[in-house]
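Welcome, and please have your viewer ready. We will go from one selection to the next, with a short note at each stop.

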Amino acid sequence: MSEALRTRPPPPSAGARRLGSPRPAPPHQRLARAGEGRSQGEQHHHPGPPSVWRDLYLASWVPVVGLEIHVQISSNSKLFSGSQVQFAAPPNSLVSFFDASLPGTLPVLNRRCVEAAVMTGLALNCSINKKSLFDRKHYFYADLPAGYQITQQRVPIAVNGSLSYSLCIDNKMSQMVTKTVRIKQIQLEQDSGKSLHDDARSQTLVDLNRAGVGLMEVVTEPDMCCGEEAAAAVRELQLILQTLGSSQAIMAEGQLRVDANVSVHHPGEPYGVRTEVKNINSVRFLAKAVDYEIQRQIEELENGGTILNETRSFDSKLGCTIPMRDKEGKQDYRFMPEPNLPPLILYDAKSLPVNMNHQQVVNIDWIRERLPDLPSVKRAKLVELYGILPEHSFTLLNEDGLAEYFENVIKQTQMKPKKVIGWILNDLLSYLKQHALTVKDSPVSSFLLADLLNLLERREISSSAAKQVLEELWKGEGKTPLKIVKEKKLELIQDQKELEQICQSVIDRQEDEVIMMVLGRNQKVLNKLIGLVQRATRGRSNPVLVKQILEKKLSE
Amino acid sequence: MLKGYISPYNATVVQKLLDQGAVLLGKTNLDEFAMGSGSTDGIFGPVRNPWSYSRQYKEKTPPKSSSENEESDWVITGGSSGGSAAAVSSFTCFVALGSDTGGSTRNPAAHCGVVGLKPTYGLISRHGLIPLVNSMDVPGILTRCVDDAAVVLGSLAGHDPKDATTIQDTFKPFELPNLIDVRKLCIGIPKEYHAPGLSSEILALWSKAADLFKDAGAKVIEVSLPHTRYSIVCYHVLCTAEVASNMARFDGLEYGHRADMNKSTESMYAATRREGFNDVVRGRILSGNYFLLKQNYENYFIKAQKVRRLIANDFVKVFGSGVDILLTPTTLSDAVPYMEFIKEDNRTRSAQDDILTQAANMAGLPAISIPTALSKRGLPVGLQFIGHSFQEKQLLTVAKWFEKQVKFPMIQLEEVKRHDCSVFQHQKSVSFL
């Protein structure tokens, strides 16, 4: 008898949410879809949510989104045992006696995991609890060998923080707004193993490599209102974690897993019933899943239905959420203090006893002093130092290694940063994206690019010539920009006389345009002539100079 | 459940003994998962008290009239570490390890006429001890005399990085003095330990022991541990709760017995656990899970934790008022015959038998049972000493003095009478270098 798809039972509610029965909207209020007109004809200006949600406000639904983010701590060994932490190792090769729950084994806390949690807590502006406790959360599942997970339910290690992130309004990079989501708590807990269901042979295969790996569960308050906000918040969290080094936070490798809690309600009414959406494998899918779920709930309620407090799985192929086969509804996890672990005591400079062996303790202040610059600080520095736009700083930090690349180019060129940034973001980055390369793998090093930009800056070549050189450089044949310029004869025509000759010949050929110019000083026509000159010179003419010459000639 | 299971690692206490040159002679029988006070509920059958076959017992207790079953008179060892106590008592080995969660080392020690030491919680590593109640379990030491216990304690105690509940302080092994002066001591007699059901024999022995100290110049006073009577109920809640949690890992998936059931993971778990656990264990798991349910947690588990604190505070108050050692009985009576013991169920028996030993586990204090005298029926009776936390040296010193005074008789097993008696003197068996 083949077994139905076994799924994880839902974890406990992160915080109590009031359950209310939403009043179904009157039938004449249809759900307005993006870009398809408004139902009421009123214009609300909301600085935050993009236009789709403005429509929702008009349909008087307020979506509420909270996240539970499980972050795998980057450490050599697991949270309570000495076995190694490694992605994609042969099944059951990284399992200690404790991980396999052999009787008589005991948990011993990993110091590095505690430090990672403290770092993360500080970076998220949390208060670090100097005394936190461990608990057992009981449920039976094949990938949980002990029959319970060690977590922190009563007193977690960090509470009451905040995470700031930025959004572009209306998809325009030029307008960014900063939002904040409150962090309810961060708790240390064990990861479970993995189970693979082989329905064909009616068996479940269990791999315990991941069982016992340290996790930080970051629980947010339900402060977000749409998929975009959730995605932006998670993206920022990823950057913070990667900057701290407390986690590599790669979603594809399961180092960051997000569950979204979604509900909708009418303004002024209590929160609606929420559902939990799991199985979200990327930031992009997170936005999709949240938006889909909001839409689904609204439609359900508008049609007079109700929302069940259930767990749903996101199907990335279909782009929708489907209910997960739940067992008996609510699970009682029979929480109990973990008797084998004494309370976790952390110290700061004030409370550290004088004769304490500092190898034995974790000092919060010591960690705080050594925190690296967080992304928001780095971005602010980039903007201040180089005069680039805020949205540029976002792109620089979003791409692994791009900010360093940019700064390296700046160091080696006389070109102003404000101009360099264009080359980095428009030319370099688009080339990389087209060929699916990382900054690290770029065939054009910062040295080469700087060299090229110097040629441009010294007016030895024009910008369109520079673009041609860049194309050559991409081939990665190891030629210097200067060599390419010489090979392709891309030097700017320096000789005024030669330039004047070419301009004249263009004017002579384009009689119609000339007449129009004489008649009306048409800028468009002038640009066309400039373009023709550029073509004639194969990009070797200085557009500014050409413009001057043409204007002079035409005025004669 | 663990039939055929061979642990791939040694417990810290076992490894320490092996590292010191000890020779492992074998493993002993016990109540399944250490749940019981008779050592009668193990899969290998009940353990028989060697004293059942001693001349002392046979003389005092004539066999029942039906001659066919000479075997029916044998008495239990007490439990749950009955096999270990029997092994030491019958001269099978020098020392045996047991566990003590509610009295499981001291109880059989008293019934088998051997020394049973429960160390302070956190002194000896529990790594490798299959847990019953993590917050109360300790490895127990069973020997024939107090000096032996001190030697073994010296090689076992100390911080273990594999057990986060062991204390960090370095432990200094000690040797007990031969000349002991008890005049500076204050012995406390807790009145609540005059429990209902305490046999008049043991009551008299307890009184005689108190007089012994008084006559030797010690100060002997009556004290009160008012919350003693709640300890059994409190223990029941906390023990079953922790048991339910600790037993959750036995699912047949990674090791041990696995039922031959393929329908689903859940049905396999259920069948495995039904087949692998006896009634006693299953009963405790069900109780424990009940107490841990969200709606019951506050009323049972939290309440019991609070009561535990009160019980522990009783001891703190008494020890803080100048009392050095408490003197109490270990058991309510001498060992009962097996046929009588099994008339009541395990739970009832445990509740009755743990009453005098249980509170020391609640409070984490060190305690030791010393064989004191033979009962009317020719069976051993022990008395218990409870000491200050981590003051094992003082506890064992007092115990040794007492041992010297009472001169508990050697077991006279008919079969071994042939051998040279001098081998079995109740003196220090090992010289401490």
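A residue is called buried when its relative accessible area is under 20%. Keep in mind that the model on screen is predicted.

**Stop one: a serine in chain B.** Select B:Ser39, which sits in the loop between α1 (12-19) and α2 (55-60) of chain B. Is B:Ser39 buried or exposed? Its relative accessibility is 0%, so B:Ser39 counts as buried. Now show what surrounds the residue: leaving aside residues up to four places away in sequence, B:Ser39 touches, among others, B:Asp31, B:Pro46, B:Val47 and B:Thr77. B:Gly82 is also one of the residues touched, and here the side chain of B:Ser39 reaches the backbone nitrogen of B:Gly82 at 2.8 Å.

**Stop two: chain A as a whole.** Switch to chain A, with its 16 helices and 16 strands. Of its 556 residues, 53% are buried.

Colour the nine strands of the open sheet in chain A, in the order β2-β6-β7-β10-β1-β11-β12-β13-β14; the pairing is mixed. Next, zoom in on β12 (residues 275-280) and β13 (residues 311-315) of chain A, which run parallel and are joined by three bridges. Here A:Lys278 stands opposite A:Ser313 of β13(A).

**Last stop: a helix over the sheet.** Select α2 (residues 111-123) of chain A, which lies across β2, β6 (158-168), β7 (176-190) and β10 (214-220). The helix runs at about 155 degrees to β7(A).

Methods
Residues numbered from 1 in each chain as written. Chains lettered and ligands numbered in written order. Predicted model: local features only at pLDDT ≥ 70, side-chain atom pairs only at ≥ 80, totals over all residues. Heavy atoms only, no water. Helix = DSSP H or I, 4+ residues; strand = E, 2+ residues; numbered from the N terminus. Buried < 20%, exposed > 50% of the residue type's maximum accessible area, 1.4 Å probe, protein only. Polar contact = N/O pair within 3.5 Å; in protein donor to acceptor, adjacent residues only side chain to side chain. Contact = heavy atoms within 4.5 Å. Pairing = 2+ DSSP bridges. Axes fitted to C-alpha atoms, helices over the stretch in contact; angles between N-to-C directions.
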